[in-house]
Number of protein chains: 2
Amino acid sequence: MISKYVFGEPFETEAIVVDIEETKGTLPYFKQEAGAFVLDLAEEDIVYGLGEQVRGINKRGWQYVSWCYDNPHHHEDTRSLYGAHNFVIVSGSTTFGVFFDYPGKLTWDIGYTKRSLMTVTPEKMDLKVYIITGENEKDIVKQFRGVIGKSYLPPLWAFGYGQSRWGYKNEADIREVAQNYEENKIPLDSIYMDIDYMEDYKDFTVNQERFPDFKGLAQELQGKGVHLVPIIDAGVKIADGYDVYEEGVKEGYFCKNADGKDFVGAVWPGKVHFPDFLNPEARAWFGKKYEQLTSQGIDGFWNDMNEPAIFYTEDRLAETLEKVSTLTSGNMGINEYFAFTGMVAGLNGNEGDYDKFYHNVDGRMVNHRDVHNLYGMNMTRSANEALSRIVPDKRTLFFSRASYIGAHRYGGIWQGDNKSWWSHILMSMSQLPGLNMAGFLYTGPDMGGFGCDTTEDLMIRWLQYSLFTPLFRNHSCDGTRMQELYRFSTKAIMGEMIKIRYALIPYLYSEFLKARENDEMMFRPLAFDYDDDDTRQVDDQLLLGGEVMIAPIYKQNAKGRYVYLPEEMMCVRMRGWNDFECATFEKGHHYINADLHEMFFFIRKGCAIPLVKPVMSTKDIDYSTTQLLGYEASYVLYKDDGISLNNDGKLEMYVLE
Amino acid sequence: MISKYVFGEPFETEAIVVDIEETKGTLPYFKQEAGAFVLDLAEEDIVYGLGEQVRGINKRGWQYVSWCYDNPHHHEDTRSLYGAHNFVIVSGSTTFGVFFDYPGKLTWDIGYTKRSLMTVTPEKMDLKVYIITGENEKDIVKQFRGVIGKSYLPPLWAFGYGQSRWGYKNEADIREVAQNYEENKIPLDSIYMDIDYMEDYKDFTVNQERFPDFKGLAQELQGKGVHLVPIIDAGVKIADGYDVYEEGVKEGYFCKNADGKDFVGAVWPGKVHFPDFLNPEARAWFGKKYEQLTSQGIDGFWNDMNEPAIFYTEDRLAETLEKVSTLTSGNMGINEYFAFTGMVAGLNGNEGDYDKFYHNVDGRMVNHRDVHNLYGMNMTRSANEALSRIVPDKRTLFFSRASYIGAHRYGGIWQGDNKSWWSHILMSMSQLPGLNMAGFLYTGPDMGGFGCDTTEDLMIRWLQYSLFTPLFRNHSCDGTRMQELYRFSTKAIMGEMIKIRYALIPYLYSEFLKARENDEMMFRPLAFDYDDDDTRQVDDQLLLGGEVMIAPIYKQNAKGRYVYLPEEMMCVRMRGWNDFECATFEKGHHYINADLHEMFFFIRKGCAIPLVKPVMSTKDIDYSTTQLLGYEASYVLYKDDGISLNNDGKLEMYVLE
C-alpha cells in the first residue's frame, strides 16, 4: 500500500505518474523534529536504496546529500554524486519503503551522527512523502515502480560491447578503433564519441575538418554493426551565428538571472547559457535539435554535464580574481595563500552558483536551487520526447549522467566518472540494487575506470564483472593510459570475456525485459530472495534476474574469493564461451579459485539459462544456436525485435526446454 | 648472502652500517636496459616490500615512485607517499631480496606496463644494489636487517594509548582531554600537540598566551601518567629575533640556492628556511634545540613536514601570479581557466622546487633532488643523536613522517595523513610487513582517520585493528568531526577495546623487543611462516610475533569476516579484557562472526600469550597480574625497564608457564 503525505507546497517533480490521494494525518514511522524526519533504527536494521551513492548496499553509517553534482571523486567520504534517488527501504524490525519527493537538496543522515537514528532533512519543508508497505522488499519495490512509470527500453544493440574514450579526435581515430576490434576478432556494437567530435564544443555540431564525412563514417560503421554514439552537453555555447544559441536567446529558452538576463556559466565550450529544461517549450525546442545528428545516421546519445556542471560563473570568477589580487599583493602569508588556493579550487561546482538562476515554470520564475535535481532528468526527457516524434518507429539509445527518479522513463544512466580503482568495481556493484529500486535498469560503470591509469588485471577483472550489466562500455579519460582491449598483452583473455558477454546477451536482455515489464529489479541483494542472517550480511554478491548469482573478483592479485551460497547452486567457471565447467556447491561459505583468465558465476538451484553462439555484433545474434546451461530445467525467454520503439504486442515469450 | 654491486658514483646514504665488499661482475637476476633494471616475473611470483606504499601486501600490478612526498591522498592510484623504502623480496619461481640504495627518485614498475616484468629505474645511474639470497623470506629479511642496524627502541609508555588532534589550542583544551579520559576511565598515556601549541609555528617555541605554564602543564600530566608529545616541523620561520632562524643564517646551516643565498620555501609558518640536515654540524645544532622543550619536561616528539613539504616557493608563486594575471585579463577561455586553476593547484609540493636548493656535504654543494629521500631521515637523526647527549639516561619517543631505510635506527614513523575511510584500515595493515622488512618496527596509522569525518563504527573497528600496532594513536584533522573516544555514544565499547590493549601491552612489547633484538619482523604475511597455495593468497591477515594472527574486520556494517587458518588455531573473541571466550578452529576457511562490540584474534597452535590486568597508564602495569592465554604452553617474555636509553644488559627474559 502506498500512502502520500503532503508538506507545505511541493513542486511537481513528475516522478510519480499515478494519481494517489493524499493521506491526511500523521506520517507513520517518523518523528518530525526541527525541520527533519527522524526514524529510530534498530541495531539489525538495513537501509537499502539511495541509488547512485557511495558505500555499500546497506547505506547505514554515513551522511548522504541528494544534490546532483559533477563529482569525479567517488571517495568513501563523498556525500553527493550525479543522481538524486530519494527512495529507500528500511528492512528489519519493521520493513517499509519511503520516497521523499523533493527536488532540492535533501540530507540523509543514516546512523552517521548517531548510530540508532536516521534523519532526513529537506532544505525547505515543501515536499511529498510516500510510505510504501508490503509483503517484503520485492513487493515494496514493485509497488513503487508501479507508480513511477515503466523503465526506459533501449535497443538490443545497446547490450553489445561499446568502446569509448575522451580523445578520439577525428575519423581516423574512430576507424582505427573499429578496425582493431575487427582484426582482433573482438565483438563490438558501438563506439562512443566524447566532446572531441564537436566544433568548439557546440552541441549538435560536428567538426568539419576532423570529420569531413560524418554521415559516411556513421553509415560505414553501421554496415559493420557498429553504432556511433555522440555525447551532448547541457551548456549551449555563447557564439554568434550558432543556431542553438541564437534561437535560445531569441525565444527566451535559457535559464535567467534574477534580473531577467540569460544566466552565464562556463563549461567545456567556455561561456554558455543553460537551456531551461523545466520549460516544456524549451524542452521541445532543444529536443528537436537532435535531428541534426539523427539525420546523419546517429541512433544513440549520451547526455552529459547536466547536473548542470558549472566550472565557474562570470561574477564569481571576477570576485575571486579581485580577492586574489588583494591576497597576493605584498608579502603573502600562509593564511592568505590558503585563502587564495581555496578560492580558486572552489570555483568549480560552487553550490552558491545554483542560487543565481531561475526557471520559467508556467510563467512563474522558480529559483534553480529549489528544483536543482530535476535538471538532468528533463534534459534526457527533452531528447526522448523529441526523438519519439522524429524517429517514431525505433528506439534510440540514451543515457545520462544526472538524474532524478522519473528520468528512468526517458533513458538510462551511466555511473559517472569513476576511476581505475579496484574498489570502484565493488562501488558499481553496490549501486545496482538501489538504482534498480529507483527504476534505472539500463546502467553500468565505465569499465576499466575513467580517471587514472588502468592495469591489465584490473581491466580483465572489471570485464568479468561488467559483462552482466546492461550498459557494457569501456571508457577512459584523456591523459590516462589507453585502455582499448587490443592494446594489452592479455587481449586474448579479454576477447574471450567479451564473447562470453555475447553468449549471455539473450539471457541478459530477457531478464531486462522481464524486470521492465513486471516492475521488478534485475539486480537484487541476496536478502531480497533469501531470508537468513548470513544472507543479510552479504554485500559483494548480487542476484541477477531469476536464475543467476554474480560474485565477481574485485581485488588485485586475488586468485579467488569467498562466496556465500544461501542454498545449493551450480558454479559455472568460464575461460571462454565454450570453454567452461560446472560444479554444484552446497549451501554455505566457500572459497572459489579463479585465475585471471577465468570468471565464474552461479546458477540457482533448479534453474537454467540460455547461451548462444557469440557473434561479432548483436545484429547477427542467432537465437537458433541457443542452448540451455544449468540444472535440468526450462527457461522462459522474453524477446522482442530489439528495435521497435514500443514493444507492446511485439514482446514474445518462449519456454526453452 | 648479501652481494653489493656499485653503479656510477653513489651518494653515501648510510642506510647500510656494515662494510660489505663490492662484488665485481654482472648483477644477477636483472637485465640492464636503457638505464633500468629489468626482471622477468613468473605468473605466480609475489613481490613483498616497498614499505610505505599503497595497494596490497603483494605489490604487483602498479607503478610506484620512491619520492618522499607530503601526500594526504592515499588513493589506489597514488605513486608516492612519505617514505622511500627500496627493499623488496621477489618470492616464487626464485626467491631473493634486493635493496636499491639510491636517495633520489626511483621508479618501480612492478608488472604495471607489462604484467610479466618488473622494471626499476633510478633517475641517475649512481647507486648501490644489494642482492640478498637466503633460505626463505624470513632469512632474507634477517640478513638485510642485520646490515642496516638495530631498530629504534621507544619507551614503554609509547605503547600506551595516545590522543591527538590538530586543534588543541590551549592548556584548557589539553586538560579537557586528559580529564575526560580520566572521568570515563579510559586508559591514556599521551596527548599529542599539533602545530597549534607553537608561537607563529616557530619550532621549539610555545605560545605564552595560550600556554602560560607549559612546564607546569607537562608536570601535572606526567603525574597522571600522561606524556605531552609536541610536533616539530622541518621549516624554520624567517623571523627577526627568532634564535633558530638567526643562528641558522649566521652559521650557514640552511639549504642554499644555486647563488649561495638561503633557499626560501613556504609552509605553516609562512616563509621558511630548511635546515641542512645532511650537514653534520647543522644536524647537531638543530638537535640541541630540542632541549628547549625537554627542559620543560617533554620526553617525546613527532617530526613532521620533513619530506620536506613545500606549499610554495617565492619564485614559483611570483611566476604563477604573473601568468595568472595574463590568463585572467580579458575574456578568459576554458583553456586559460584550466591553465589558471592547474597552476594554482600545482604550487603545493611541486617537484620542480626540489631542484632549486643544495646541501653542503663535506663542503661540496649537492643538489637536493639527488638526495631528496634522505632529508626526513636526517631530521630525525638530528633529534635522536642530540637527545642521546641531552638526556643520556633515558629514551625519548620519536617518530617522523618522511623516512628512508636507516631512519629506523633513529625513530619510528607514523603512516601519515590518512583519511577516515574503511579502506585505510586495510591499507595500514598492508604496509606493516613492508615497513618491518625495512626496519621500521615502531609504527601505526592515525586511528579513526586523519582527514574526513569518522563514524562511530569506523572508530570501533579501527581500534580493534590498531590495538595490535606499536604506535596506538587517535589523530584527526582540524575541521573534521571530533573523534576523542568520550564523544561517542558507544564510548563504553571503545573503552573496553583500550583496556584490551593495555592487557596486551606486555605481550606486544615483548614481541617488539624480540623483533628488534633478533632482526625479525613483528608483523609478517602468513606465507612467510606457512608455505601452501592458499596461504600465499591471504592479503588481509597478518602474523604478529611468534604466537598471534590478526584478522580484523575492516568493512562497514560487517558483522563478521572470512579468515583462512593455515593450521589449527585458537580464536579469542573479546568484548572486554576479562570478557572473552576461546574456541579452536581447524585449518581451512572460516567465516567468523563478531558484532561491533566484539574483536577477535587467533593464537597459533601450541602457543600461549601473556595478559595482564589493564591499568590507566603504562606506568602502573603490574606484571604480577600476568596470566597465560591460549594453548597449554609456555611463553618467553622479554622485558626491560622500559625507559633506559640502551637496553643492553637490562633486557630480561622469563619463561612464563
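User: Hi! How many residue pairs are in polar contact between chain B and chain A?

Analyst: The count is 29 residue pairs, both at pLDDT 80 or more. A polar contact here is a pair of N or O atoms within 3.5 Å; within protein, one must be able to donate a hydrogen and the other to accept it, and residues adjacent in sequence count only if both atoms are side-chain atoms. This is a predicted model, where local features need pLDDT of at least 70 and side-chain atom pairs count only at pLDDT 80 or more, while totals for chains, interfaces and linings use all residues. Side-chain values use heavy atoms, leaving out hydrogens and water, residues are numbered from 1 along each chain as its sequence is written, and chains are lettered from A and ligands numbered from 1 in the order in which they are written.

User: Nice. How many residues are in contact?

Analyst: 62 residues of chain B and 62 of chain A, with contact meaning heavy atoms within 4.5 Å.

User: New topic: where does A:V655 lie, and is it buried or exposed?

Analyst: A:V655 sits in strand β39 (residues 652-656) of chain A. A:V655 is exposed because its relative accessible area is 54%, and exposed means over 50%, buried under 20%, partly exposed in between (1.4 Å probe, protein chains only).

Notes
Helices (H or I, at least four residues) and strands (E, at least two) are DSSP runs, numbered from the N terminus.
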